[in-house]
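Let me put the model up on the screen.

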Amino acid sequence: MLEEALEHLVKGIVDHDGDVTVRTKNVRHGDVLEVRVHPEDLGRVIGRRGRTASALRTVMGALAGGEKVRVDIVDTDRAR
């Protein structure tokens with residue numbers, strides 16, 4: 001459910017919504033939601049001074065209902 005909600009929110013922000021992917025990774029300290037977008041949309045998702053990314057993290061934390069969830073915005077220009 002969190003993956004779909006985050007994907008929906010990010011698709012509303014970006015210009016290339018077909019390139020948005022959200023993956024869940026289970027790690028020791030909770031879940032990590034990895035967001036990948038088109039390189040041109042990276043700045044839109046992060047926002048000025050990281051405010052958009054922070055807002056996305058706040059919403060995901062509220063939807064998680066107390067579970068630990070981390071949102072990572074992955075730079076697709078870098079090697080994986």
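On helix 1, the face turned away from the buried side carries Glu4 and His8, both exposed. Exposed means over 50% relative accessible area, buried under 20%, and partly exposed in between, with a 1.4 Å probe and protein chains only. This is a predicted model, in which local features need pLDDT of at least 70, side-chain atom pairs count only at pLDDT 80 or more, and totals for chains, interfaces and linings use all residues. Residues are numbered from 1 along each chain as its sequence is written, and side-chain values use heavy atoms, with hydrogens and water left out.

Helix 1 covers residues 2–11, and its buried residues include Leu2, Leu6 and Val10. These lie on the same side of the helix because they cover an arc of only 60° around the axis, taken from the directions from the helix axis to the C-beta atoms. Helices here are DSSP runs of H or I with at least four residues, strands are E runs of at least two, and both are numbered from the N terminus.

What do the buried residues of helix 1 pack against? They pack against strand 1 (21–27), strand 2, helix 2, helix 3 and strand 3 (69–74).

Next, Asp41, in the loop between strand 2 (30–36) and helix 2 (42–46). Leaving aside neighbours within four places in sequence, Asp41 is in contact with Val14, Asp15 and His16, contact being heavy atoms within 4.5 Å.

Last, Arg48 sits in the loop between helix 2 and helix 3 (51–64). Arg48 counts as exposed because its relative accessibility is 75%.
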